[in-house]
Amino acid sequence: MKKILFASTALVATAGVAAAELTIGGSARFGLAYDESQTEETRIEQRMRVNITGIAETDAGVKLEARFRLEANEDSHANDISGRGPGAAGFAVSYGGLRVDVGNVSNVLDSGDQVDYYGYGVGFTSFLEHNANFNGPATGFGAGSADFTTIKARYNVGDFSASLSYKETRAQAAVANAPGVLGSTAVAADEEWQLGLGYTLANGMAIGAVYSDTDSSGDYWVIGLNGTAGAVGYSVIVGDGDNQADASFGASINYEVSSATSIRAVVSDGGAANADTSYGLGFRHGLGGGVTLAGGVGSKNDNTLADLGVSFSF
């Protein structure tokens with residue numbers, strides 16, 4: 001990640017600010033992707049993301065951040081391409097073990113604070129992850145605008161961590177035949193609360209749980225366990241909720257064949273009634289300089305998916 005550091009006197013007029021900097025970094029990928037369910041089954045996959053983050057820190061050690069994203073990618077399986085952003089920004093304040101995020105930021109489940117919700121994805125696009133058969137309320141930071149503000153607080157003390165997030169989505173809805181008022185509208189609100197707890201064991205294994213309560217979809221919970229054993233990295237999650245017919249199970253592993261090459265496998269089951277098991281197998285190979293060649297093949301909802309391409313960071 002490239003960093004541009006300016007004197008605080010040039011960027012911030014507020015007294016008591018010790019330093020300020022602007023970081024610019026991101027990632028890109030391109031290659032081929034296959035989706036059996038589409039009319040155009042094979043497409044050119046492409047995406048570039050640039051994150052721009054402003055950071056300042058007071059003399060007392062309080063760190064403040066603000067970030068937004070620029071992004072360009074394909075829009076559809078017809079190989080349309082476009083760019084978007086800068087959209088809504090996300091802000092953060094941290095001191096010691098406490099961090100508070102506000103704005104265009106991830107909730108507890110999506111941020112992975114306590115539960116590794118996505119695991120080791122297959123393919124250079126991570127087209128298949130171990131939450132494939134889950135139906136959790138995962139929303140996160142993106143390049144576009146949002147119709148809600150997310151507030152998330154996380155506190156770490158030793159090997160224990162706890163997170164709490166809240167968002168309220170408001171949408172305008174037309175009211176049919178409102179008495180005495182022509183063309184009136186009503187505001188529909190959808191609140192979401194999430195609470196997460198996590199603990200890291202002495203051997204590096206981490207366990208965690210997230211509970212979510214959303215007006216529109218009801219209660220939802222996920223329990224996760226992840227860690228490493230020699231050359232094998234593993235992650236397992238189990239979850240269920242009011243919006244699922246059955247409990248979901250997901251597992252993924254990453255086996256380091258060498259310092260540059262790894263093999264990944266994913267399986268996910270349960271969730272919707274009579275849902276098919278999702279599974280996939282892929283590889284990743286580092287080419288040096290932050291460039292990775294990766295690919296994989298898998299099945300999601302009885303639909304074959306595959307990709308092959310390169311990704312790199314800058």
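The tour below visits a charged patch and then some aromatic pairs in this predicted model.

**Stop 1: the negative patch.** Select Glu-36, Glu-41, Asp-246, Asp-269, Asp-276 and Asp-302. Together these residues form a negative surface patch. Now centre on Glu-36. The residue sits in the loop that links β2 (17–35) to β3 (42–58). Glu-36 is partly exposed, because its relative accessibility is 37% and that class lies between 20% and 50%.

Stop 2: The structure has four aromatic pairs. Select Tyr-117 and Phe-134 to see one of them. Their ring centres are 6.1 Å apart and their planes meet at 85°, so this pair is edge-to-face. Both Tyr-117 and Phe-134 belong to the loop between α2 (108–111) and β8 (150–157), so the contact ties together parts 17 residues apart in sequence.

**Stop 3: a tilted pair.** Select Tyr-166 and Trp-193. Here the ring centres lie 4.5 Å apart with planes at 45°, so the pair is tilted. Tyr-166 is in strand β9 (residues 160–174) and Trp-193 in strand β10 (residues 185–200), so the pair ties together parts 27 residues apart in sequence. Colour Trp-193 by accessibility. Its relative accessible area is 43%, so Trp-193 counts as partly exposed.

**Stop 4: back to the cluster.** Tyr-117, Tyr-118 and Phe-134 make up one aromatic cluster.

Methods. Residues numbered from 1 in each chain as written. Predicted model: local features only at pLDDT ≥ 70, side-chain atom pairs only at ≥ 80, totals over all residues. Heavy atoms only, no water. Patch = residues over 30% accessible without salt bridge, like charges linked within 9 Å, V, L, I, M, F, W, Y side chains within 5 Å. Areas by Shrake-Rupley, 256 points an atom, 1.4 Å probe, with all protein chains shown as cover. Salt bridge = Lys/Arg side-chain N within 4 Å of Asp/Glu carboxyl O. Lys, Arg positive; Asp, Glu negative; His and termini not counted. Charge placed at Lys NZ, Arg CZ, Asp CG, Glu CD. Helix = DSSP H or I, 4+ residues; strand = E, 2+ residues; numbered from the N terminus. Buried < 20%, exposed > 50% of the residue type's maximum accessible area, 1.4 Å probe, protein only. Phe/Tyr/Trp six-rings, centres within 6.5 Å; stacked < 30°, edge-to-face > 60°.
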